[in-house]
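Hello,

Here is the structure I promised to pass on to you. Please open it alongside this message, and my notes on what turned up follow below.

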Amino acid sequence: MHTVLDWIDHAADDRGIHFSDSGTGWSFVSHSTLAGEAHRVASLLHTHGPQPGDVVSLLVNEVRDFAPAFLGTMLAGLTPAPIASPLTFQGNDRYTEHVTDILKVAEPALILSDASLAEIAEKTSAQLDGGSVVLLEESAGLSADDSARRTPAELGLLQFTSGSSGSPKGVRVSRDNLAANVRSIHEWLGTTAADSCSSWLPLYHDMGLIGTFLGSLTARIDLWLMSPLDFVRNPLRWLEAHGRHGATMTTAPNFGYGYTAKRVRPQDLEGMDFSHWRVAMNGAERIDPRAAAAFAALLAPHGFRTTAFAPCYGLAEATLAVSGVRPGSGARTVRLKGGLHTGRPVVPTDRGQLGTVHPDGGANWLTSCGPAVPGAGVDIVDEDGAALPEGHFGEIRVRGTSVAGGYRSCVPDASSNFTGDGLRTGDAGFLLEGELFVVGRVGDSIKVRGRKVHAEDLETALTAVDGIPSGRCAVALGTTGEAHHVVAVVETGDSGWLDGALAVIRAATDDTVRVTVVRAARGGIPRTSSGKPRRRLLWHRFQDGAALGEVVHGTAPAAPVTG
């Protein structure tokens with residue numbers, strides 16, 4: 001039986017994780033040291049008497065501490081259920097509410113917490129009469145021998161979704177799902193012992209946890225690991241992992257590439273060499289060709305190649321990776337003629353490559369997320385679930401060895417999208433010449449004169465308007481009675497961008513659509529634990545007449561309505 005813990009039997013002293021250190025740069029922890037720490041955590045957990053396969057909720061704030069906590073839980077034959085750190089929440093009350101909601105679903109036997117979050121762990125556990133709280137720091141004095149090791153749990157991971165389309169749900173990822181998806185990622189990327197990886201993604205999220213953390217461990221390669229806060233404060237350090245230390249692979253959402261291009265100056269890169277950087281995955285959110293072009297232009301004088309871009313598509317319900325552009329081949333972009341209609345063909349009019357400058361700046365272009373990774377299958381279905389021919393627009397359906405076993409949830413029929421024919425993802429897109437193009441969430445769209453308008457399209461177009469900061473706007477779409485609504489919230493201090501924003505929205509819709517534009521303070525947009533806009537929550541607040549900020553165009557509904 002192959003598992004993601006096989007590397008522990010051959011943990012090396014000369015390979016490991018370089019943790020970002022805000023004071024001195026990087027602190028190296030070898031795989032052998034990490035394995036010893038994981039054994040101590042497993043011993044600690046066993047002293048509290050859990051049964052094989054029990055769920056352990058992980059409430060661990062620091063990246064350095066999370067690694068042995070997660071691995072030790074798996075090593076003990078238990079199921080880890082990571083919980084997001086407080087970073088993306090607005091205050092302790094909102095974070096405590098989030099933890100409580102997660103614990104209600106997870107029903108853990110134990111809560112493994114670090115000292116900084118122990119008070120919240122104790123409070124929520126007492127409120128729910130839940131599992132005992134175990135302090136991670138207590139593992140320090142225990143034995144690091146192999147006696148605590150148990151057969152890996154059948155449920156390898158309880159991965160909570162970020163909640164962008166509703167309340168978070170626990171995805172039941174088996175140990176076989178985990179092993180299969182990690183193998184698929186290595187095969188897709190062509191990972192070898194000569195590679196090393198960088199990441200600043202949170203380890204409680206599937207992309208950071210599986211794509212970089214477990215991926216690097218199982219490949220037995222070095223990982224240069226930062227926290228999201230470290231990255232936001234100093235994106236140059238992420239580049240240094242590649243330009244000075246030789247990291248060859250990374251993964252980040254579109255935001256990361258665009259943010260880096262804005263924050264890092266060309267003179268900051270003096271002496272760096274990016275010629276060895278062969279994989280720059282781009283996933284988790286809509287890919288904006290403008291961000292990739294700006295990033296490539298910044299790094300190209302130092303050897304970075306646009307063919308390193310490897311856009312990808314995945315979701316927790318499929319463990320992680322579903323499709324991806326093969327590194328070195330270059331990612332295609334297309335511009336379409338007309339709108340998108342479910343069940344009807346798409347008509348490409350222009351083609352390009354990610355990382356280059358596009359006509360009209362790239363705001364209206366879609367980026368390929370590549371063919372299905374080994375072991376996965378992708379097709380497009382209509383509203384009734386019938387498969388559509390290639391080149392037709394519809395909902396993305398996924399099959400394969402990495403598709404999870406459904407949800408653990410308090411909501412009846414929560415797993416209804418896991419069907420005998422595959423996983424209906426709730427994401428819209430199309431296949432073109434064997435490659436997947438992702439448009440957005442099915443639920444985050446309205447139909448205007450027979451064509452679909454997606455919230456992510458509008459958000460991408462709005463960030464091209466002067467005065468609207470990248471990543472600081474969100475669009476909620478919905479219907480009340482016979483009227484369609486666009487609700488745009490922009491986090492900024494002025495309204496000089498308003499005319500440009502209205503022009504963008506009207507160009508994508510028509511005068512039958514009711515438009516409300518709101519100016520909000522920073523933090524006014526509700527977000528998931530991974531930082532994505534919670535568009536459904538925004539829409540429901542709008543429906544309920546809740547104040548979203550200062551309305552600078554249009555009005556909220558006069559009374560609560562349904563739609």
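The aromatic pairs come to 24 in this predicted model, where rings of Phe, Tyr and Trp (its six-membered ring) pair if their centres lie within 6.5 Å, and planes under 30 degrees apart count as stacked, over 60 as edge-to-face and the rest as tilted. One of them joins Trp200 and Trp238: the ring centres are 6.2 Å apart and the planes stand at 85°, so this pair is edge-to-face. It bridges distant parts of the chain, since Trp200 sits in the loop between β9 and α6 (206-219) and Trp238 in helix α8 (residues 235-243), 38 residues apart. Helices (H or I, at least four residues) and strands (E, at least two) are DSSP runs, numbered from the N terminus. Trp200 has 5% relative accessibility and so counts as buried; Trp238, at 0%, counts as buried too. Buried means under 20% relative accessible area, exposed over 50%, and partly exposed in between (1.4 Å probe, protein chains only).

Tyr257 and Phe309 make another edge-to-face pair, 5.8 Å centre to centre with 80° between the planes. Here too distant parts of the chain are linked: Tyr257 belongs to helix α9 (residues 254-263) and Phe309 to strand β13 (residues 309-314), 52 residues apart. Both Tyr257 and Phe309 are buried. All four of these residues belong to one aromatic cluster, which also includes Phe231, Phe255, Tyr259, Phe274, Trp277, Phe295 and Phe304.

A word on how to read the numbers: residues are numbered from 1 along each chain as its sequence is written, and side-chain values use heavy atoms, with hydrogens and water left out. Because the model is predicted, local features need pLDDT of at least 70 and side-chain atom pairs count only at pLDDT 80 or more, while totals for chains, interfaces and linings use all residues.

Now the sheet. Eight strands form an open sheet with mixed pairing, in the order β2-β1-β10-β9-β11-β12-β13-β14; two strands pair if DSSP finds at least two bridges between them. At the edges are β2 (25-30) and β14 (321-324), each pairing on one side only. Inside the sheet, β9 (residues 197-199) and β10 (residues 223-225) run parallel over three bridges, and Cys197 has Leu223 of β10 as its bridge partner.

Helix α2 (residues 63-75) has 13 residues and reaches 19 Å from first C-alpha to last, close to the 18 Å expected (1.5 Å times one less than its number of residues). Eleven of its 13 residues are buried, so α2 is largely enclosed by the rest of the structure. Among those buried are Phe66, Phe70 and Leu75. Just after α2, Gly77 takes a positive phi of about 80°.

Helix α3 (residues 92-106) has 15 residues and reaches 20 Å, close to the 21 Å expected. Its buried residues include Tyr95, His98 and Leu103, and what covers the buried residues of α3 includes β3 (55-59), α4 (118-128) and β20 (407-408). Glu107 follows α3 with a positive phi, near 45°.

Finally, where does His39 lie? His39 is in helix α1 (residues 31-46) and, at 7% relative accessibility, counts as buried. Not counting residues up to four places away in sequence, its contacts (heavy atoms within 4.5 Å) include Leu75, Asp145 and Asp146.

Best wishes
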